[in-house]
8 protein chains.
Amino acid sequence: MSVAVVMGSDSDLVVMQAAVDTLDRFGVHRIVRCISAHRDPHGMLRFAAEAESQGIEVIIAGAGGAAHLPGMIASATVLPVIGVPVGRPVLSGMDSLLSIVQMPAGIPVATMAVDGAANAGLLAVRILALSDPELREALRLHAADLIDQVEIKNSTITRATEVLR
Amino acid sequence: MSVAVVMGSDSDLVVMQAAVDTLDRFGVHRIVRCISAHRDPHGMLRFAAEAESQGIEVIIAGAGGAAHLPGMIASATVLPVIGVPVGRPVLSGMDSLLSIVQMPAGIPVATMAVDGAANAGLLAVRILALSDPELREALRLHAADLIDQVEIKNSTITRATEVLR
Amino acid sequence: MSVAVVMGSDSDLVVMQAAVDTLDRFGVHRIVRCISAHRDPHGMLRFAAEAESQGIEVIIAGAGGAAHLPGMIASATVLPVIGVPVGRPVLSGMDSLLSIVQMPAGIPVATMAVDGAANAGLLAVRILALSDPELREALRLHAADLIDQVEIKNSTITRATEVLR
Amino acid sequence: MSVAVVMGSDSDLVVMQAAVDTLDRFGVHRIVRCISAHRDPHGMLRFAAEAESQGIEVIIAGAGGAAHLPGMIASATVLPVIGVPVGRPVLSGMDSLLSIVQMPAGIPVATMAVDGAANAGLLAVRILALSDPELREALRLHAADLIDQVEIKNSTITRATEVLR
Amino acid sequence: MSVAVVMGSDSDLVVMQAAVDTLDRFGVHRIVRCISAHRDPHGMLRFAAEAESQGIEVIIAGAGGAAHLPGMIASATVLPVIGVPVGRPVLSGMDSLLSIVQMPAGIPVATMAVDGAANAGLLAVRILALSDPELREALRLHAADLIDQVEIKNSTITRATEVLR
Amino acid sequence: MSVAVVMGSDSDLVVMQAAVDTLDRFGVHRIVRCISAHRDPHGMLRFAAEAESQGIEVIIAGAGGAAHLPGMIASATVLPVIGVPVGRPVLSGMDSLLSIVQMPAGIPVATMAVDGAANAGLLAVRILALSDPELREALRLHAADLIDQVEIKNSTITRATEVLR
Amino acid sequence: MSVAVVMGSDSDLVVMQAAVDTLDRFGVHRIVRCISAHRDPHGMLRFAAEAESQGIEVIIAGAGGAAHLPGMIASATVLPVIGVPVGRPVLSGMDSLLSIVQMPAGIPVATMAVDGAANAGLLAVRILALSDPELREALRLHAADLIDQVEIKNSTITRATEVLR
Amino acid sequence: MSVAVVMGSDSDLVVMQAAVDTLDRFGVHRIVRCISAHRDPHGMLRFAAEAESQGIEVIIAGAGGAAHLPGMIASATVLPVIGVPVGRPVLSGMDSLLSIVQMPAGIPVATMAVDGAANAGLLAVRILALSDPELREALRLHAADLIDQVEIKNSTITRATEVLR
């Protein structure tokens with residue numbers, strides 16, 4: 001059971017690291033690779049076609065601009081593919097988002113928010129947890145943790161706004 | 001093993017039917033329900049919280065405008081949630097898309113294209129196929145089918161452009 | 001008579017502080033709380049459902065990205081709810097704005113400008129002033145104050161453009 | 001106790017009628033008027049300045065394109081003003097929305113969705129209900145009604161998807 | 001013969017200064033004033049209504065966000081009004097632009113580019129030059145000057161790209 | 001004294017006719033011409049360069065898509081140029097608007113709303129009226145007429161909403 | 001010497017036909033094919049890799065939505081690739097345009113306007129004309145023809161506006 | 001055999017340098033010039049009309065805002081013209097992109113990504129390589145080089161994510 005986190009360039013790692021960190025926190029085995037739809041299309045298709053046989057169950061792909069990587073990988077595998085639009089200053093990340101999410105019928109890509117790599121990791125965990133009760137339990141603890149965070153943030157806010165009064 | 005297809009209004013069915021049809025084609029058991037984040041928020045949370053115990057494994061949620069349904073369901077379950085932005089004439093569907101896809105870290109929603117319900121069904125099948133070899137095989141046949149369709153479309157195009165010459 | 005100012009994260013306080021300050025300036029009692037639609041949906045609904053019985057009359061809710069907080073609170077109370085889209089660098093705040101303003105018929109959210117928390121405070125004051133003549137008078141003074149400000153800014157501009165001539 | 005529903009042109013009535021209907025359903029007294037910020041700015045300011053003394057408590061203003069009516073009325077009264085962006089085919093209603101919602105600090109306009117006149121009526125009712133227990137009760141019934149509608153829509157969906165199976 | 005350059009706030013002067021500078025360069029008499037559609041609507045209408053009798057021939061109005069100033073001034077005078085959308089970081093200046101340019105039939109505003117105050121000055125000069133042969137001649141010299149600038153920039157580019165070769 | 005109304009194609013006449021009609025209503029002499037920046041750039045520059053000597057005082061130019069006509073004419077004349085973005089179904093007219101309004105410093109184009117040809121005619125009249133007291137008077141009557149229209153529309157609205165009550 | 005016109009689906013032919021017609025008008029040999037980046041990625045790469053050896057000199061690729069076809073073909077050939085964004089009602093064609101034009105450095109796609117297939121044909125002709133004097137001459141005649149069209153359209157406009165006067 | 005790289009201002013050189021560098025790397029002769037559609041329209045048309053006779057085969061034109069340069073040059077030559085939208089902070093570069101890409105049928109401009117000057121150089125090389133086997137070979141080496149880069153980036157990513165584990 002493994003998740004592949006792939007991206008078109010090493011400069012995307014600053015965004016995609018959050019997906020890797022999330023998988024690590026849940027103890028999910030992962031590989032991280034540079035795969036480029038545009039610079040090495042044959043290598044990309046080879047990766048996608050062989051992923052299943054190499055024990056990969058979910059593929060997380062991050063890309064920016066005319067972001068073709070998630071959709072092209074999804075076209076060459078039947079594994080679930082999660083796409084992360086990597087934002088760029090120009091055009092506010094809208095190009096990355098639309099290039100990934102607007103896939104035609106037949107080839108789904110599970111699209112995350114612009115720069116939403118942490119959620120890509122979490123969605124992979126939710127998918128793997130369907131057949132892994134331990135992971136399911138970890139997700140429940142994570143959900144409880146989110147509630148606790150609200151309480152902590154609440155204290156911060158209360159204190160800040162009391163002080164200022 | 002079951003998939004829930006939910007939507008905020010019966011008027012969304014014209015779009016969401018494609019998700020139902022896709023699941024039916026792959027023989028995946030599904031339930032279809034009207035669940036509204038805004039009209040019945042407590043009912044919505046109840047549905048989300050109980051989904052797991054009722055044998056649901058994936059939830060597909062369609063909504064338009066300020067589309068809160070997929071994200072709110074995802075906040076009350078640890079199952080994978082797939083969001084389908086339902087397009088409206090006003091604002092070209094951009095409101096539906098951004099309301100669903102731009103989720104904060106912690107609560108992932110697998111977002112499809114505007115009106116992309118067929119792909120929501122297919123992504124659910126890809127997820128379920130991870131632990132169902134028969135479904136995996138059906139997906140491979142579907143992929144082969146897509147290739148055949150290209151050949152058929154190619155013939156149509158060739159004929160049309162020969163005739164017109 | 002009280003106004004609740006709520007937000008999904010303590011990081012939103014830098015924007016939402018302007019609402020708190022405005023209410024303080026008009027001497028309106030207010031509480032400030034971290035309420036998260038996504039991290040703690042049940043806590044959020046509980047807050048919304050109990051607000052009325054706790055003497056709250058208007059709720060101001062700030063949120064960014066796929067901003068569901070104002071709309072979800074509005075769905076679980078009959079009090080007037082004011083939404084403040086909190087801007088993010090990505091997508092120029094358009095996601096926050098559309099997620100809050102494009103509510104379906106049945107559940108109104110009084111939407112302010114992106115980062116427009118000061119106006120949220122002022123709208124709450126305008127609403128409360130309907131049954132509070134003193135507050136109404138304070139608003140009239142505030143309106144007169146805005147006119148005075150124009151005169152002061154006018155002097156600044158006149159001086160600056162005279163000097164430069 | 002009265003609500004004024006105003007709009008820049010009689011052609012806007014097709015959208016704004018939903019606000020009138022909502023107020024009528026709740027038995028709220030209302031007046032409906034053509035008020036134009038651009039064609040008759042002095043008449044518009046006169047209306048805004050006199051509204052309070054004529055027993056108006058909330059003003060609903062609908063406008064399209066460079067929609068200045070809600071903001072200009074809000075600048076000449078201290079009553080709560082609700083703005084309804086009226087959509088036009090060109091620019092998808094984005095111009096109407098931004099012209100109304102992006103008000104500067106000091107002059108709040110409670111902005112609704114594009115063409116969201118029904119919610120403008122409901123927000124007015126929520127505001128008036130703060131000092132009218134009967135209206136508050138009517139809102140609670142309306143909320144219950146929304147829940148019932150979900151059940152009815154659910155039956156429609158269930159039946160439609162059973163039949164199609 | 002005079003041009004009025006007005007703006008809603010002294011913070012807009014950093015953008016609007018270019019209009020003032022352009023008028024100064026052509027020796028056109030100008031006044032510069034803070035006029036606010038939202039903070040002082042009656043003062044704004046008074047200014048617009050009296051402009052003609054005070055010898056003003058063209059009004060340049062700059063504003064940002066829900067920018068109502070140019071359109072409202074145009075509604076209370078028959079003088080030509082030039083609008084300058086002042087950009088803000090949020091929404092990339094799109095709100096300022098659409099609020100000014102999308103005026104309804106009947107009330108024209110000559111809209112410039114976002115932050116395009118220099119061109120507002122130039123357009124005023126082009127208008128005044130219709131009845132001022134000296135100004136017309138100055139515009140012809142300015143046009144010739146633009147051509148000379150191209151030659152200078154060309155040298156810079158040629159040198160830079162030769163050096164780098 | 002004459003105004004030229006030019007457009008890139010005869011298909012633009014359906015939009016630009018409103019400019020012609022407005023000029024006719026005010027009795028302003030006008031010529032109407034097909035001038036194409038892209039199909040006949042030399043003819044276009046010739047027209048722009050000769051306009052002044054042929055008694056033209058204001059040029060109204062309508063164009064759609066990558067709308068270069070108004071800006072290019074403005075670059076070859078010192079007369080005031082008014083640009084009308086002609087809307088197209090694709091991209092909601094945003095391309096026409098931005099191509100016309102975002103002119104660089106040095107070459108102003110007085111930009112109207114998308115399809116705002118009537119206002120282009122009115123702006124031309126406002127400009128010509130600076131040296132034509134009769135035209136100025138006609139504009140005052142037109143402004144009064146706009147106020148009367150509000151009263152008529154008001155009657156329509158009042159009657160419609162009374163009937164419906 | 002041949003041009004390939006490819007598209008992802010036979011439904012795109014209604015737009016892409018204009019490219020075929022343009023090539024036919026100039027007597028340029030062309031083949032027309034259905035090539036799908038998503039349904040048959042290996043077939044698509046095979047086509048791109050073999051294009052050169054089959055005598056193809058320019059490839060025109062049309063696609064809509066998350067339009068990956070032009071960019072992916074460009075990544076597997078060194079021939080010039082021209083991309084035509086095919087518009088869809090949803091999102092106004094913005095998704096098609098950005099998915100094609102925002103290519104990363106290294107893999108150029110010559111992008112046309114949304115639905116701009118005729119220009120794709122013309123660009124191919126301009127490219128081929130670099131080594132074909134006869135084609136160059138045909139382009140000059142075409143340019144002259146465009147000028148003639150302006151004269152014809154001018155007559156239509158003149159007549160229409162004379163009649164209407 | 002030569003390529004012209006032109007731009008409206010020397011400030012565009014910071015973006016356009018990448019086109020020059022790319023041509024230099026492939027050993028393609030190039031000239032670099034400041035050509036302004038707006039400041040010197042006659043000079044611009046002269047340049048475009050004479051380009052062919054001066055041995056230029058491809059023209060690369062960069063421009064920002066209401067970017068008319070590429071389209072206007074394309075209207076006065078039959079050579080292939082490549083347009084580079086130069087981004088500006090305001091409006092995220094959308095104005096530059098749409099002004100260049102949305103050309104009407106008849107006058108094609110091969111549009112690159114916002115700030116995509118490197119690809120403009122590469123497209124010129126791909127075009128020239130059609131009749132230059134050496135250049136074709138260089139492009140093949142460049143493509144192989146891109147594949148090698150992926151391997152290097154892959155090592156960086158692998159190392160970074162191993163270290164962090």
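Analyst: A helix here is a DSSP run of H or I with at least four residues, numbered from the N terminus. The model is predicted.

Start with α1(D). This helix covers residues 13–25 of chain D, 13 residues in total. From first C-alpha to last it reaches 17 Å, close to the 18 Å expected at 1.5 Å a residue. Its buried residues are Leu13(D), Val15(D), Met16(D), Gln17(D), Ala19(D), Val20(D), Thr22(D) and Leu23(D). Residues three or four places apart in an α-helix point the same way, because there are 3.6 residues a turn. After α1(D) comes Gly27(D), with a positive phi near 65°.

Now the contact between chains B and A. Each chain gives 38 residues: 38 from chain B and 38 from chain A. About 3200 Å² is buried between them, and carbon and sulfur atoms give 63% of that area. On the chain B side, Val78(B), Pro108(B) and Arg126(B) lose the most area to chain A, together 22% of what that side buries.

In one salt bridge, the side chains of Arg136(B) and Glu52(A) meet at 2.4 Å, N to O. α5(B) gives the most, six residues. By class, the chain B side has 27 nonpolar, six polar and five charged residues.

Note on methods. Residues are numbered from 1 along each chain as its sequence is written. Chains are lettered from A and ligands numbered from 1 in the order in which they are written. This is a predicted model: local features need pLDDT of at least 70, side-chain atom pairs count only at pLDDT 80 or more; totals for chains, interfaces and linings use all residues. Side-chain values use heavy atoms; hydrogens and water are left out. Helices (H or I, at least four residues) and strands (E, at least two) are DSSP runs, numbered from the N terminus. The expected span of a helix is 1.5 Å times one less than its number of residues. Buried means under 20% relative accessible area, exposed over 50%, partly exposed in between (1.4 Å probe, protein chains only). Contact means heavy atoms within 4.5 Å. Buried area is the accessible area (1.4 Å probe) that two parts lose on being put together, summed over both. A salt bridge is a side-chain nitrogen of Lys or Arg within 4 Å of a carboxyl oxygen of Asp or Glu. Ala, Val, Leu, Ile, Met, Phe, Trp, Tyr, Cys and Pro count as nonpolar, Asp, Glu, Lys and Arg as charged, and the others, Gly among them, as polar.
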